[in-house]
Every structure is written in structure tokens, then in C-alpha cells.
Amino acid sequence: MPICLIETREQLAALVERILDAGVVALDTEFVWERTFFPALGLVQVAVGPPAEGGCGGVEPCLIDAPAVGDLSLLGLVLISPKVVKIVHDGQQDLTIMRRAAGCGAPRNVFDTRLAAGFCGQSSVISLTNLLTARCGLELDKSVTRTDWLRRPLSEAQLAYALDDVRYLPALWQGLGADLEARGHGAAFAEESRVYEEELVTAERAPE
């Protein structure tokens, strides 16, 4: 199956409309943060909707080529919408970077799988790789974690790595959400998650 790669503002507009209709999206970023005060955004990865088969099934992701698109302001419609669940893993930095790129306010309705794992009896600082192994028996290839995400064309290894970072987040959202309710922690998790809606948590820092 060909990779869904968003390279124009028109393609981004269609993707954003699809996300707003679906009401749930997994998000991640790849960036370069060397010799610059702010990180240079290379990719935004998205996986739209819940897994069709349930369980630990994946959702086919899309990659937003941030340098190619340029204007990412449309992403702000997704970030600030209270009607769209934003699934992230340890997502404060990713949300801060996306918010700066989109030029929008604080994100709403965030589901952080790392935070949810802590409410479900696992380490509150668990990595995505270890969480997927523990809950789904999956192992992600992390061999290209440190790479130049601004160089084009991206290699097959880079693309595979980026896609896998969001492919299974919707399944984790489903599974952890059910686990939270079964344990009676749903309300406490929701209250803790509202920290992402505080203005300063994902606001960019002044260079000074």
C-alpha cells in the first residue's frame, strides 16, 4: 500500500476535514533540534480513527511533510477542538512543537497513553516501545531515532519508523481507555489530562 504523504496545503485541508469528521487522531512529530533555539519540524505523523478490527490492530497513518507544506495553521483546528481526541505518548513536547507550528491556542481533549499506563498499573514513565510490547506483544524498530528529519528524500527506514510511532496509538487508546474504566480511574485520569489545556504547559518559551 502506498504511503499517505501530505505535501500541499490542499492535501492538509482534506486530511484535517477527515480528522474532524472522525473525532479521534493519533499524533507524533519528528524534528531536528541542533544549533537552533526552537526545534525544526520535519514530520507530523497522524493516524485517524480507531482500529477497525479492535484489539491491537494498527491504523494506516499519514505523514505530513512540514517543510513541504509550510503553512500548518490548519492543524490548529484539530489541536484546539474539544470534539477531537488527540492521542499522544508522553506528548507535551510534541504538542508544544505542533502548537507553535500551527500558531494556535492550548490543545484540548488530549489522551496521553504514557499517563494512562500509569493509572493502569504500569510505569508512569514507560516508553511507547515498552508499552506496546507489554500490552500487544509488539516491538518497534528504533534504530533511526537520531536522524536528519529535514533531509529529503526520506529513506525507507525513516518512513517505517515514523509510521510505526502512531500506527498503534489508537489501539492503545481503546485498550487503556477500557482498562481505566474497569479500574474506576476514568474520572481521575480525565482530571489529570486537563493539565494539557493549561496555557503555559505547551506554550513556547521566549528566547530570553
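A: The largest nonpolar core has 30 residues, and L12, L15, V25, V46 and I64 are those with the most contacts inside it. A nonpolar core is here a set of buried Ala, Val, Leu, Ile, Met, Phe, Trp, Tyr and Cys residues joined through side-chain atoms within 4.5 Å. The model is predicted: local features need pLDDT of at least 70 and side-chain atom pairs count only at pLDDT 80 or more, while totals for chains, interfaces and linings use all residues. Residues are numbered from 1 along each chain as its sequence is written, and side-chain values use heavy atoms, with hydrogens and water left out.

Helix 1, strand 2, strand 3, strand 4, helix 2, helix 3 and helix 4 each give two or more residues to this core. Helices (H or I, at least four residues) and strands (E, at least two) are DSSP runs, numbered from the N terminus. In soluble globular proteins, nonpolar side chains tend to be buried together.

Leaving aside neighbours within four places in sequence, I64 is in contact (heavy atoms within 4.5 Å) with I6, L12, L15, G42, L43, V44, V46, V69, L72 and L75.

Buried means under 20% relative accessible area, exposed over 50%, and partly exposed in between (1.4 Å probe, protein chains only). Helix 1 spans residues 9-22, and its 14 residues reach 20 Å from first C-alpha to last, close to the 20 Å expected at 1.5 Å a residue. That expected span is 1.5 Å times one less than the number of residues. After helix 1 comes G23, with a positive phi near 80 degrees.

Strand 2 (residues 24-32) is mostly covered, with eight of its nine residues buried. Eight bridges join strand 2 to strand 3 (residues 40-48), and the two run antiparallel; T29 stands opposite V44 in strand 3. Strand 2 also runs parallel to strand 5 (residues 85-88), joined by three bridges, and here A26 stands opposite I87. Two strands pair if DSSP finds at least two bridges between them.

I87 belongs to a second, separate core of 23 residues, which also includes A116, C120 and L169. L169 is one of the contacts of L128, along with H89, L140, D165 and L172, when neighbours within four places in sequence are left aside. L128 lies in helix 6 and counts as buried because its relative accessibility is 11%. L128 and L140 are 12 residues apart in sequence and 8.8 Å apart in space, C-alpha to C-alpha.

D90 has a positive phi of about 50 degrees although it is not a glycine, and at 45% relative accessibility D90 counts as partly exposed.
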